[in-house]
Amino acid sequence: MSPDLTSQTTGQLRAGLADHKLPCAKQPALFFEADTSVPYRESRAARQLRERSAAALCQGCPARALCLELALREPPAAGVWAGYTAQQIGRFTTDREQAA
């Protein structure tokens with residue numbers, strides 16, 4: 001039986017993530033847009049393909065639930081987390097707050 005993630009502290013969630021081999025740690029460029037301070041701009045099609053590819057890797061991640069709970073508590077500004085974009089997580093967070 002898995003522990004209730006909502007009862008864990010943020011520190012416990014972070015420690016739990018550190019205990020796993022995460023696909024995002026091996027391929028960070030797939031999960032986050034290239035540095036926007038450089039002249040390169042990622043096209044919409046390239047971004048969508050990158051995000052879909054990252055989300056597919058998240059599907060098999062053993063820490064996906066931990067990652068999602070952490071992202072819901074501390075909504076990210078960018079990237080793919082637990083198979084969802086930062087924008088999607090922002091909407092989930094809003095929905096979660098309204099339901100509470």
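**Entry 1: ground rules**

I take helices (H or I, at least four residues) and strands (E, at least two) as DSSP runs, numbered from the N terminus. The model I am looking at is predicted, so I note that local features need pLDDT of at least 70, side-chain atom pairs count only at pLDDT 80 or more, and totals for chains, interfaces and linings use all residues. Residues are numbered from 1 along each chain as its sequence is written, and side-chain values use heavy atoms, with hydrogens and water left out.

**Entry 2: the chain overall**

I looked up the secondary structure and found six helices and two strands. Read from the N terminus, the order is α-α-α-α-α-β-β-α. Next I checked burial, where buried means under 20% relative accessible area, exposed over 50%, and partly exposed in between (1.4 Å probe, protein chains only). Of the 100 residues in the chain, 32% are buried. I then turned to contacts, meaning heavy atoms within 4.5 Å. Taking contacts between residues at least 6 apart in sequence, I see that 57% join residues at least 24 apart.

**Entry 3: helix α1 against helix α5**

How do α1 and α5 pack? I find helix α1 (residues 10-18) and helix α5 (residues 64-73) at an angle of about 145°, with axes 9 Å apart. For the record, the axes are lines fitted to C-alpha atoms, for helices over the stretch in contact, and the angles run from 0 to 180 degrees between N-to-C directions. On the α1 side, T10, L13, R14, G16 and L17 make the contact, and on the α5 side L66, C67, E69, L70 and R73 do. I sorted these by class and got five nonpolar, two polar and three charged residues. The classes are: Ala, Val, Leu, Ile, Met, Phe, Trp, Tyr, Cys and Pro nonpolar; Asp, Glu, Lys and Arg charged; the others, Gly among them, polar.

**Entry 4: the two sides of α1**

Which residues of α1 are buried? I get L13, G16 and L17. They sit on the same side of α1, because they cover an arc of only 100° around the axis. That arc is taken over the directions from the helix axis to the C-beta atoms. Part of what covers these buried residues is α5. I also looked at A15, which is in helix α1 and counts as partly exposed at 41% relative accessibility. A15 and L66 are 51 residues apart along the chain, and their C-alpha atoms are separated by 9.8 Å.

**Entry 5: the nonpolar cores**

I use "nonpolar core" for a set of buried Ala, Val, Leu, Ile, Met, Phe, Trp, Tyr and Cys residues joined through side-chain atoms within 4.5 Å. The largest one has 10 residues: L5, L13, L17, L22, C61, A63, L66, C67, L70 and A82. Helices α1 and α5 each supply at least two residues of this core, and the largest share, three residues, comes from α5. A second, separate core has five residues, including L30, F31, C58 and V80. Going back to L22, I see that this residue touches L17, C61 and A63, leaving out residues up to four places away in sequence.

**Entry 6: A82 and its phi**

I found A82 in the loop between β1 (80-81) and β2 (84-85). Most residues other than glycine have a negative phi. For A82, phi is near 55°, a positive value in a residue other than glycine. A82 counts as buried, at 3% relative accessibility.

**Entry 7: R50**

Is R50 buried or exposed? I find R50 buried, with a relative accessible area of 10%. R50 lies in helix α4 (residues 44-59). Not counting residues up to four places away in sequence, R50 touches A29, L30, F31, F32, E33 and E42. I checked F31 in particular: R50 and F31 are 19 residues apart in sequence and 7.3 Å apart in space, C-alpha to C-alpha.

**Entry 8: G79**

My last stop was G79, in the loop between α5 and β1. At 11% relative accessibility, G79 counts as buried. The contacts I list for G79 are F31, F32, Y84, T85 and A86, again not counting residues up to four places away in sequence. G79 and E51 are 28 residues apart along the chain, with their C-alpha atoms separated by 8.0 Å.
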